[in-house]
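Let's take a walk through this structure together. Have a look at the picture first, then read on.

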Amino acid sequence: MWWFQQGLSFLPVALVVWSAAAFVFSYITAIVLHHVDPLVPYISDTGTIPPERCLFGIMLNVSTFLGIATMYVRYKQVSALSPEKPRILRLNKLGLTLGWMSCFGLCIIANFQKCILYYIHVLGACLTFGVGSIYMLVQTIVSYLMQPELHSKDIFWARLAVFLWSCSSILSMFVSSVVLYSGLYGQNLVQKLHWDPQERGYTPHIISTVSEWSLAFSFLSFFLTYIRDFQKISLRAVVSLQGQTLHESPRSFTAEEQALLIAGSI
């Protein structure tokens, strides 16, 4: 059995590989069609003009569902490993809520392009990266609280390092974007897809775009740390019949007859 076939490790692998492919394929398509400059454009700029916009949107929508599934499995795993630790359980529920909010933001990014509905696109980016960073922080804290009994210290340090990486990328992108969009470097920067290295504002533009790519790949790196954990968990569906036919009214359950629709095993 291959390592990615163990347990549910294929989920974070699929999320990371598919999301990275969405960025790379859209970038290559936009470059080949001369829609953006080859040197580090904004990720959103590579998904602004058809046909790369269609590819970018559909691939990120799939990434949204993979992210929801991955975060749910992580939630079920932590719940099963720490059933009597209310502090961890509260953080676990908070993490799931924040994670799904971040996934919703990714869906907004995929379907509302920057050059068309800028403020909605920015809202999606804030949900994805801002709320997503808080999700990373919560999971890092959970990893700290679960080590060394349930988690190795190496996993905690790896997640902490990736979280700090994402924070530095957010800070760099925020500062450079504020400088760039402060009005000092001309108007209509939102619609601008091509830059001349001699233009004023080119340096903060490059810093901003590099920071955005760095931030995106810091998120993907965080989900890579789930692979080893997911090798030790599986989910199975349990069918609970409420009647012998599909047109009968559901009868009342006894305690023995109740079953979870989705059950986890570690």
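Predicted model: local features only at pLDDT ≥ 70, side-chain atom pairs only at ≥ 80, totals over all residues.

Residues are numbered from 1 along each chain as its sequence is written, and side-chain values use heavy atoms, with hydrogens and water left out.

Let's start with confidence. pLDDT is the predictor's confidence in each residue, from 0 to 100. Its mean over the chain is 85, and 89% of the residues reach 70 or more. Over residues 255–262, though, pLDDT stays under 50. For that stretch the model has 14 contacts (heavy atoms within 4.5 Å) beyond four places in sequence.

Now for the empty space. Rolling a probe the size of a water molecule over the atoms shows where such space is left. A pocket is an open set of points on a 1 Å grid over the protein atoms alone, where a 1.4 Å probe fits, with protein on both sides within 12 Å along at least five of seven lines; lining residues have an atom within 4 Å of a point. Grid points are joined across faces, edges and corners, and a volume is the space filled by probe spheres set on the points.

The largest pocket holds about 580 Å³ of space. It is lined by 19 residues, and the closest to its centre are Tyr118, Val122, Ala125, Met173 and Ser177. Helices H4 (118–146), H5 (153–180) and H6 (202–224) each give two or more residues to this lining; helices are DSSP runs of H or I with at least four residues, numbered from the N terminus. H4 provides the largest share, seven residues. By class, the lining has twelve nonpolar, five polar and two charged residues. Here Ala, Val, Leu, Ile, Met, Phe, Trp, Tyr, Cys and Pro count as nonpolar, Asp, Glu, Lys and Arg as charged, and the others, Gly among them, as polar.

The second largest pocket has about 190 Å³ of space. Twelve residues line it, with Leu81, Leu150, His151, Asp229 and Lys232 the closest to its centre. H2 gives the most to this lining, three residues.

Finally, find Thr48, in the loop between helix H1 (10–32) and H2.
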